[in-house]
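Please keep the sequence and the structure in view while reading.

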Amino acid sequence: MIPRPRPERFRLRRTMMFMNAQKPGLIKDAYIYGCDSIMLDLEDAVAENQKDAARFSLYHALKTIDYGDTEVIVRINGLDTPHWQEDIRVCVAGGADGIRIAKCESAKDVLTVEAAVEKAEEEFGVEKGRTLLMAALESPKGILNAYEICAASSRMFGVAISGGDFRKCMQTTPQRDGIDMVTARGLMLIAARAAGVQCFDTVFTNLDDNEGFEAEVRQNKAMGFDGKSLINPKQIRLVHQLFAPTEKEVIQAEKIVRAVRENAAKGLGVFTVDGKMIDIAFLPGAERTLRLARACGMYEGDLV
Amino acid sequence: MINKVGRDIPDYLLKDGKEVYQGKNYMDGKYIQKASPKTRRYETPQESKVAESIVKALKDCGAKSGMTFSFHHHLRDGDFVVNMVMKAAIEELGLDNLTIAATSLGSAHDPIAEYIEQGKVVGIQTSGIRGKMGEVVSAGKLKTPAIIRSHGGRPRAIEGGEVHIDIAFIAAPTSDCVGNCRGIGGKSNCGSMGYAMTDAKYADHVVVITDCLVDFPNMPASVEAIDVDAVVVVDSIGNPKKIASAAARISQNPRDLMMAEDVARVIASTPYFKEGFSFQTGVGGPSLAANLFLEKYMDERNIKMGWAIGGICGPMVELLKKGKVGKVIDVQDFDLDAVNSINQTPNHFEMSASQYANPANKGAFVNKLDFVVLAALEIDTGFNVNVLTGSDGVLRGAPGGHPDTAAGSKCCIIVTPLIRGRMATVCEHVVTVTTPGDCVDVLVTDYGIAVNPLRKDLIECLDNAGIKHVTIEELKNKAYSLVGRPDDLEWEDKVVAVLEARDGTILDVVKKIKPYKI
């Protein structure tokens, strides 16, 4: 049995890689590829008559494989299916770090899952509140209710948009410039930031279109996403590369963190760094840059 | 006697000056007396050397029991020639006590296993041995221990007289009527004929076997008529589908790609990665894919590869055509792209096995090599590699050019998954040492990278480039934690194969495996 440490609600999640929970060959060592989170799928990747087998495989994977620092999230079946309750029991019993709620449309959906998770935590003697939640927004209604969803529970660490279903609802298809989802992405990002949770973009499914993938990841970063869902390990390195801060940004962040701390000790709230006005409000952003830099192997200092 | 890689070599094998392996470059500076063949004069002008059958050619060359016949393996698993010649010699001429000295043997040669069991074939000298032949030799059925040599070790042994070839049989995709041979222009094309060249020069008799007789002169010839006694035309020398695959495709397996990218990162972190660097890679999944990622780094740094050697396939030809590599020098071709390019694409040249890898000559290409990327069946914590015996101890592989390129190159990178099925690739002790650990520099696996502690300079390179690495012991422990530590194999005393290091010393022996009981 591999005991996993208590999940961190806010951690680095640049890459969340989907894989079928029923495929031992895939899930046995998915951590080797270096993604921040793996997303073991009980939903769409698993055929209707294989749900139970997939749960079985998932449970044993969680119990026997040492995923190390890689976060392990499980995508459960929708609340409109007969599977989700049993999915939750397996996730909690196995000790998954978090659960992704498929097709989430309201705060009520989050609360429904939360109640079931709490019950399962009690049933299996798991520390209450350990299991984190995130929501997948797959419909216009989900997007419009994004804020209440993000703010519904203290277990919530983030939201993700699911492009396939969403585009169908909107009667559109993937566009080169991302215009098909720009409003939805924007609304979701605003809601996530307002509620103080993370925000993740959808998968890019054309594995042969490297240029298109790169353009989308660049746009994700420019819009302010925390990370992206992936379908293939070969997508990981590019996301990590593009999400990495520049050397200049790292140096600047280091200066800011040092200056804020030094000036706080002197009782100064506002001061300048390289001619720019800086105050305490810059600290979280700078610290985030350093944490990101550390994860990217660009920062080895001790400020974060 | 225990040798430098810790293997116990039975004393009775150490006769006639044979020594155990003493470490890399031990033979450097020593002199060898080259052997010379006894060849027949053909003074009277000949219209043609075409013999009506293999039997006739065998008779003309004075074939008799006890002789050594040589073959090359350019037709790979599609080869018909070894079987056809041995059948004629044994079944039609009634010869026995024969030794086969081949550059390599594969499962195409399964029928030879029967001749071994009958005691008609009593000696095997080869780089590779697989399939049924591997099984019968491992079962102790061959009268004398098989001798396994690297691609460079074989021409060394031939040139130094350790192997005397009575008749060399040269399978040739095309030949003219007097024996000028080429690897292209026929129906069973193999491209380079590099492995056949030393045989043709050092055998007493040379018989060319072709399925495509072309007009004289067949130029430029890989094997020249001046060395050929007879030409035999047969219906087919091999199965073209198995000789050269359609274009070798770069793996899409994410695990292979990840390892390949790591290989390229390691290469790019060393000082040898500069304008004009030289490179060889294998055709296995991650080895071949390394080409792809290496190209990215070359573009980024705006440098070009000076030259590449080895078994060649499409992706390397592609780089040559794009002008990203200066010259490709080719001892063997693995796919049709390479076959169709050799001697056609400017700067794509052919070379002999001796020129490629012989440690005893004065200018083998491997000695000028910066990087080589190689696979492994097993690698142990001393960085010793096994590419010959399976986890059951049975012969099923080939050292090929592995030991030669590893020893000659400045940076030898082994790339392999940590586990295969339930077998740990990284282990405590490999079953057979085929490439000694003092020649291996970096190991890239899907679970991490390890650098040979002998290469402190490379450790520093990786550290400076921010490439994470661990000790090979950690990788071994990880492998055992996943699949368990295998029980040790149980052997009988009988030596079934002697594994020569490339310099001719004895690196390891393979013994008869004890029958497996559950």
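## Terms and basis

Two residues are said to be in contact if their C-beta atoms, placed from the backbone, lie within 7 Å. The model is predicted, so that local features need pLDDT of at least 70 and side-chain atom pairs count only at pLDDT 80 or more, while totals for chains, interfaces and linings use all residues. Residues are numbered from 1 along each chain as its sequence is written, and chains are lettered from A and ligands numbered from 1 in the order in which they are written.

## Nonpolar cores

V159(A) touches M134(A), A135(A), L137(A), A146(A), I149(A), C150(A), M188(A), A192(A), V197(A) and C199(A), leaving aside residues up to four places away in sequence. A nonpolar core is a set of buried Ala, Val, Leu, Ile, Met, Phe, Trp, Tyr and Cys residues joined through C-beta atoms within 7 Å; buried means that 20 or more other C-beta atoms lie within 10 Å of the residue's own, exposed that 12 or fewer do, and partly exposed anything in between. The largest such core has 242 residues, and V159(A) and I170(B) are those with the most contacts inside it. Helix 8 (residues 254-269) of chain B gives the most to this core, with 8 residues. Apart from it lies another core, of 11 residues, among them V250(A), V260(A), L290(A) and Y299(A).

## The sheet of chain B

Helices (H or I, at least four residues) and strands (E, at least two) are DSSP runs numbered from the N terminus, and two strands pair if DSSP finds at least two bridges between them. In chain B, 10 strands form an open sheet with mixed pairing, in the order 1-10-9-6-2-3-4-5-24-25. Strand 1 (50-51) and strand 25 (506-513) of chain B stand at the edges with a single partner strand each, so one side of each is left without a neighbour in the sheet.

Strand 6 (residues 167-172) and strand 9 (residues 205-210) of chain B pair in the parallel sense over 6 bridges, and T210(B) in strand 9 is the bridge partner of A172(B).

## Domains and chain contact

Chain B is divided into domain 1 (48-243) and domain 2 (254-488), with bounds that come from an automatic or database domain assignment. Their C-alpha centres lie 29 Å apart, and the contact takes 31 residues from domain 1 of chain B and 33 residues from domain 2 of chain B. Helix 4, helix 5 (153-159) and helix 6 (197-202) of chain B each supply at least two residues of the domain 1 side. By class, that side has 9 nonpolar, 17 polar and 5 charged residues, where Ala, Val, Leu, Ile, Met, Phe, Trp, Tyr, Cys and Pro count as nonpolar, Asp, Glu, Lys and Arg as charged, and the others, Gly among them, as polar.

Between the chains, 7 residues of chain B are in contact with 7 residues of chain A, and the chain B side has 4 nonpolar, 1 polar and 2 charged residues.

## Backbone details

Cis peptide bonds join F216(B) to P217(B), with omega about -10°, and M219(B) to P220(B), again with omega about -10°. P217(B) is found in the loop between strand 9 and strand 10 (230-233) of chain B, and P220(B) has its place in the loop between these strands.

D274(A), although not a glycine, has a positive phi of about 50°, and D274(A) counts as exposed, with 10 C-beta neighbours inside 10 Å.
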